[in-house]
Amino acid sequence: MGVSIRAYARSRGVSHVAVLKAAKSGRIPLEADGSIDPEKADAAWERSTEPGKAKGTARPAPEAMKPVPEAALGSVRETLKEQGLPASGNVTFVQARTAHEIAKAHLARLRLQRMKGELVDRARTTALVFRLAREERDAWSVWPARVAALMAAELGQDAHTMQKVLETYVRAHLAELAEVAPDFR
C-alpha cells in the first residue's frame, strides 16, 4: 500500500492537481487501490520530465512530440563546437539549452554593438564602397584631359598626343584594378 495523492504531492512539492494529471496521463503509476508508491512514482516522474521544467508542469505525450530536424541538431553541434564544448553523439536537452543560451548571448552582444555604433550595415557599406570606387575611377578617367595640355607645354610636346598616351595608360591601369575582386567575408 502506498501514500495518498495529496501526501505524494506534498512530498514532491507540487499540487495534488499536478499529481492527478500525471497519473491520468500515465506519467506515474497508481497502485491497484489508487494509492501511489513514492519510489516508483519518483522514478517515473523523473524519466518523463524534461530537465529545466518547473516541478508539476505537464509534458506532452511522446507521440505528440515532433522529431527534431537534423538541421537544428547540426546547428546545436556547431554552436557547441565553436565554444569548445563537446558535441558528439546524440544531442541532449542540456546541450540544446546551452547552445540556445550561447546564441541568445551572441545576439544580445551584437545588438549592443549596433546600438553603440560599433557595427555597420553590410549592404550600406558595400554600396558606399562601390560608389566611392566609381567616383575614383571617374576622376582618373578625366584626369588626362585636364593635365595633358599642361604636361605637354612643360615637355614641349603635342598636347593631343600627350592626352592620348595618358588616357591609354590610365585606362590600362584602371582595367588592372577592376580585375581585383574584393573579398567580403
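**Helices and cores in a predicted model**

Of the protein's 185 residues, 18% count as buried (buried is under 20% relative accessible area, exposed over 50% and partly exposed in between, with a 1.4 Å probe and protein chains only). This is a predicted model, in which local features need pLDDT of at least 70 and side-chain atom pairs count only at pLDDT 80 or more, while totals for chains, interfaces and linings use all residues. Residues are numbered from 1 along each chain as its sequence is written, and side-chain values use heavy atoms, with hydrogens and water left out.

As for the overall make-up, the protein has seven helices and zero strands (DSSP runs numbered from the N terminus: helices are H or I with at least four residues, strands E with at least two). Along the sequence that reads α-α-α-α-α-α-α.

Now to the inside. The largest nonpolar core holds 12 residues, including Y8, V14, V19, I28, I36 and W45 (such a core is a set of buried Ala, Val, Leu, Ile, Met, Phe, Trp, Tyr and Cys residues joined through side-chain atoms within 4.5 Å). At least two of its residues come from each of helix 1 (5-12), helix 2 (16-25) and helix 3 (38-47). Helix 2 gives the largest share, four residues.

Within this core sits I36. Leaving aside neighbours within four places in sequence, I36 is in contact (heavy atoms within 4.5 Å) with G2, V3, I5, Y8, V19, I28, P29, L30, E31 and A41. Apart from this core lies another, of five residues, among them V147, A148, M162 and L166.
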